[in-house]
Amino acid sequence: MKRQPIRRRGGLTRRQALRQGALGAAAIVVGERLAAPARADAPATPPPEAKARSVIQVFLWGGMSHSDTWDPKPDAGHDYTGQFNRVIKTNVDGIVLSDLFPQLARQADKFSIIRGMTHGNNGHETAAYLMQTGHMPGERLAYPSIGAVFALFKGYQAGYKGLIPPYVVLTRPQGRFSEAGFLGSKFKPFATGGDPNAQRFEVEGVIARGISDARQQARRELLGAVNALPQAASDHPELTLSAECRDQAYDLILGEGKAVFDLSKEDPKLRERYGRHTFGQSCLVARRLVEAGVPYVVINYPGGWDTHSNHFQTMQRQCPQLDQGLASLLQDLHDRGLLSTTIVWCCGEFGRTPKVDWQPPWNGGRNHYGKVNSVVVAGGGFKGGCVVGATDKKGEEVVDRPVYPIDLLGSIYELAGIDPDAQLPHPLGYDARVLAPGEAGAKSTGRLKEIM
Amino acid sequence: MLGGCGWRYSAAVAGLVAASESSVPRQVFENPVFDPPLTELDRRVYPELEKLGVRPVLCSDAVFLRRLYIDVLGTLPDPAEVEAFLADTNANKRAEWIERALERPEFADYWAMKWGDLLKIKAEFPVNLWPNAAQAYHRWVVESLRNNKPYDRFVREMLVANGSNFRVGPVNFYRAVQNRTPEGWASAVALAFMGTRTDAWPSNRLAGMAAFSSEIAIKPTKELKEEIICWDPDRTLTAGGTNAPPPGPRQAELPDGTVVELRGDRDPREVFADWLTTPTNAWFATAIANRVWSWLMGRGIAHEPDDLRPDNPPSIPALLRPPGAETVGSKFDLRHLIRLILCSRTWQHSSVASAADLARMEGRFAFYPMRRLDAEVLIDAINKVTGTAELYTSPIHEPFTFVQETKIAVSLPDGSITSPFLELFGRPPRATGMENERSNRPIPAQWMHLLNSSHIQRKIETSPRLAAIVSTGRPPRDIACALYLAALSRPPTEAELVRIEEYARRGVARGRELWNDVLWALLNSDEFVYRH
């Protein structure tokens with residue numbers, strides 16, 4: 001017997017929701033959302049019309065400084081800027097970036113910068129969870145990340161037919177929280193492994209070193225010949241399922257699907273433009289995956305941004321690669337007419353302290369700063385050439401248009417045609433929603449309508 | 001090297017190879033003539049089967065031994081053990097080998113892994129025990145299992161524990177709960193030890209039970225992340241806290257409806273533990289009997305094993321009536337309970353079944369349930385067969401968790417210490433303590449990994465164990481036989497040897513490469529990947 005879902009948070013009265021979830025300006029927005037018919041008896045509303053077909057998320061694990069990059073404060077003084085006190089103009093009047101990003105500066109009309117991103121959480125894994133689920137880390141359910149939600153609503157259950165799994169991570173998973181949450185391993189990302197900048201991009205499980213297709217085929221036949229259990233129990237449901245999964249795996253191993261990972265099919269000049277480094281080539285693979293219809297691609301930046309020490313050296317090494325890869329990705333997506341249907345968003349889990357920590361052992365480092373962060377968003381219905389929100393002169397406080405994780409993720413869901421209020425299948429039938437503005441401590445100032 | 005050696009068959013192992021030349025794989029898995037008497041447990045199951053008109057066939061000796069090692073120890077038997085068992089002519093050998101398995105050191109490690117899932121032993125997100133606390137908790141569980149601590153005492157030590165999370169392992173029961181409120185703790189106790197989900201309870205029952213955990217305090221110390229769990233009747237430590245209850249004598253209500261006055265003279269947790277672990281308390285004995293049964297038999301008598309409620313009846317009521325009598329009768333000796341199940345015909349049933357039979361006999365335990373090996377058991381098995389190791393890491397820096405490469409996955413103390421393989425193959429996140437957190441349902445990405453990843457490929461290509469077997473210069477048939485014993489815990493049939501010879505003759509791979517392919521095929525066979 002199937003039990004009714006248990007409502008833990010749902011079924012709030014509007015007043016309760018306002019009291020719990022709404023603080024200050026948030027009240028208005030949350031109030032609007034709940035002005036819709038009460039959830040319990042709401043008819044199935046048609047999903048919002050989708051502008052975005054795919055998403056590429058560039059995640060800067062460790063937390064990239066905002067004040068050295070996309071929200072520069074050149075006049076804040078040496079204690080704040082260190083050696084990074086130069087900015088450059090972009091191709092949009094009035095927007096400047098740190099001069100570490102000359103290529104992005106030429107693409108500023110294609111993306112917008114959210115400078116008011118804030119959540120106040122300074123722990124890596126809790127902040128990463130918050131930024132990628134939109135849920136408060138203190139809640140008792142472990143929610144799936146946005147990529148897993150896409151895999152649920154845009155994956156095989158929703159008619160996706162691609163051979164490549166619907167949620168792909170280049171090249172390694174983060175592993176600091178279970179990205180699929182309570183949805184389970186079926187919705188975990190497919191992590192490619194390998195290095196797209198290598199001679200041959202050896203995608204884990206798809207392209208194996210030293211095994212020719214002929215031998216691969218011969219092995220498959222050998223396995224069939226010695227696989228005794230299904231010979232004895234030919235229609236056992238467990239073994240039938242196993243065989244189906246194995247067949248699907250072989251569709252990729254021996255079929256056409258793997259061509260998407262073959263970068264030798266790309267113009268060498270274009271590969272140069274993206275940058276012959278792991279991040280640049282990951283961006284190129286991401287574009288190929290999106291072309292192939294994959295709904296959600298994450299590039300976990302191959303290198304950390306947790307620059308408590310060696311901050312300036314790390315930034316000087318990594319920012320040019322980030323600049324090159326990301327700018328080339330935007331240009332290439334634009335050139336192929338894919339940018340209008342592909343959301344690109346890039347940020348870490350938090351910003352970094354705007355004031356440099358010159359004391360030992362940091363000796364010129366920046367620490368975690370959940371209060372302020374900058375996010376780049378582009379394509380798929382997001383306007384380019386805008387700045388959302390602002391911080392004070394030193395980049396320490398958001399002074400205009402704070403944006404909370406739920407606002408950013410809600411906007412992405414809306415553009416992709418996923419109802420942020422949709423039910424997620426919890427194994428216990430709990431009332432779990434894609435986003436839940438009523439959670440204790442959750443703040444919201446509303447979707448990013450100004451750039452949608 | 002194949003060219004030089006003829007396909008001779010070693011006399012030493014010839015006797016082990018199934019006599020039949022005709023390749024009837026069923027005979028590999030079943031023993032149609034083995035017919036031991038019914039045990040007490042069987043006498044409760046078999047009437048149900050007779051109603052359905054079935055008399056189940058038992059598994060073969062080779063399957064029995066592999067099943068025993070995997071279900072009880074989480075590891076594969078060594079080839080020498082397989083040969084010894086198959087050669088053992090004692091009619092009572094299955095019971096004797098069960099006894100031996102229960103005494104082995106791997107027993108505590110493997111069952112501690114199951115308890116680790118249930119108790120959410122994990123340093124980081126979402127329960128955040130912190131590394132040294134997770135280690136202390138795990139160590140206490142392992143020692144309890146190793147010493148066969150009676151189950152009632154095991155549970156009681158957790159329920160009434162006081163002290164530092166770093167020093168007193170069982171206090172972490174209360175810390176490994178995301179919702180650290182009296183209600184949250186009551187729900188965790190109900191789920192873990194009563195096998196019931198409080199969400200399905202009448203609303204006042206949880207509140208009544210929560211009163212027993214309303215006087216717990218969690219007090220920080222000056223050591224980073226150390227916390228003292230203690231009874232705090234005067235609420236001096238929780239003053240201003242979110243869970244400060246009203247002062248004065250209060251009422252608590254046991255889940256059976258008995259009202260208890262709390263006067264502040266005794267830790268209410270002790271009052272509750274007294275009630276819970278009373279031998280006549282059906283909530284307690286039934287839950288553990290049903291849970292252990294489900295761990296061995298693939299599903300609970302009442303299913304799921306952590307969802308006991310009146311409207312979720314057991315599939316064979318006689319098995320749980322009188323409730324958990326075996327558990328109580330043996331003074332909560334968990335090993336005894338396991339022994340009873342293993343010695344039954346029911347656990348020894350063949351797993352070979354058609355879809356139609358399975359559908360017709362669902363929940364009747366007519367067949368041993370096939371299921372994919374647990375993630376940890378699977379990688380340990382691959383490592384054992386290939387003679388390779390694995391790196392497990394935890395991303396938490398303070399203190400940095402270093403796991404030596406020889407450590408087996410089953411014995412990892414902390415859910416935060418992990419590897420991409422374990423994540424891919426559905427190791428539970430240890431977030432809720434629910435049985436269904438562990439997912440052994442296959443997905444294509446897992447098969448891509450087994451069939452074709454550099455990870456598994458490298459293990460085969462660099463396998464020192466395979467190198468040792470091949471380099472002996474033994475005849476190819478002996479080598480094949482050794483690989484079958486190592487990977488599948490049985491000798492190959494004649495037909496299987498012939499198929500390998502045919503593959504060798506195709507010339508796709510030669511020498512060591514040929515054996516790489518053969519080992520690859522065995523490791524990717526359902527017989528290897530599934531409990532059967």
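Helix 13 (residues 405–415) of chain A lies across strand 1, strand 4 (111–117), strand 8 and strand 11 (373–378) of chain A, and runs at about 165° to strand 8 of chain A. Helices (H or I, at least four residues) and strands (E, at least two) are DSSP runs, numbered from the N terminus, and angles run from 0 to 180 degrees between N-to-C directions, with axes fitted to C-alpha atoms, for helices over the stretch in contact. The model is predicted, with local features requiring pLDDT of at least 70 and side-chain atom pairs pLDDT 80 or more, while totals for chains, interfaces and linings use all residues. Residues are numbered from 1 along each chain as its sequence is written, chains are lettered from A and ligands numbered from 1 in the order in which they are written, and side-chain values use heavy atoms, leaving out hydrogens and water.

What is the strand order of the open sheet in chain A? Its eight strands follow the order 6-5-7-1-8-11-4-12, with mixed pairing; two strands pair if DSSP finds at least two bridges between them. Strand 6 and strand 12 (387–388) of chain A stand at the edges with a single partner strand each, so one side of each has no neighbour in the sheet. Helix 11 (residues 278–291) of chain A also packs on this sheet, touching strand 1, strand 5, strand 7 and strand 8 (342–347) of chain A, where contact means heavy atoms within 4.5 Å. The direction of helix 11 makes about 175° with that of strand 7 of chain A.

Strand 5 (residues 167–170) of chain A is covered on both faces: A:Y167 and A:V169 on one side, and A:V168 and A:L170 on the other, are all buried. Here buried means under 20% relative accessible area, exposed over 50%, and partly exposed in between (1.4 Å probe, protein chains only). Four bridges link strand 5 in parallel to strand 7 (residues 296–300) of chain A, with A:V169 opposite A:V298. Two bridges link strand 5, again in parallel, to strand 6 (residues 190–191) of chain A, and A:V168 stands opposite A:F190. Strand 7 of chain A is also joined by five bridges to strand 1 (residues 54–59) of chain A, the two running parallel.

A:Q318 belongs to helix 12 (residues 311–335) of chain A and counts as buried because its relative accessibility is 6%. A polar atom of the A:Q318 side chain lies 3.0 Å from the backbone oxygen of A:G304.

In chain B, helix 23 (residues 476–488) is mostly covered, with 13 of its 13 residues buried. Just after helix 23, B:S489 takes a positive phi of about 60°.

Technical notes:
Polar contact = N/O pair within 3.5 Å; in protein donor to acceptor, adjacent residues only side chain to side chain.
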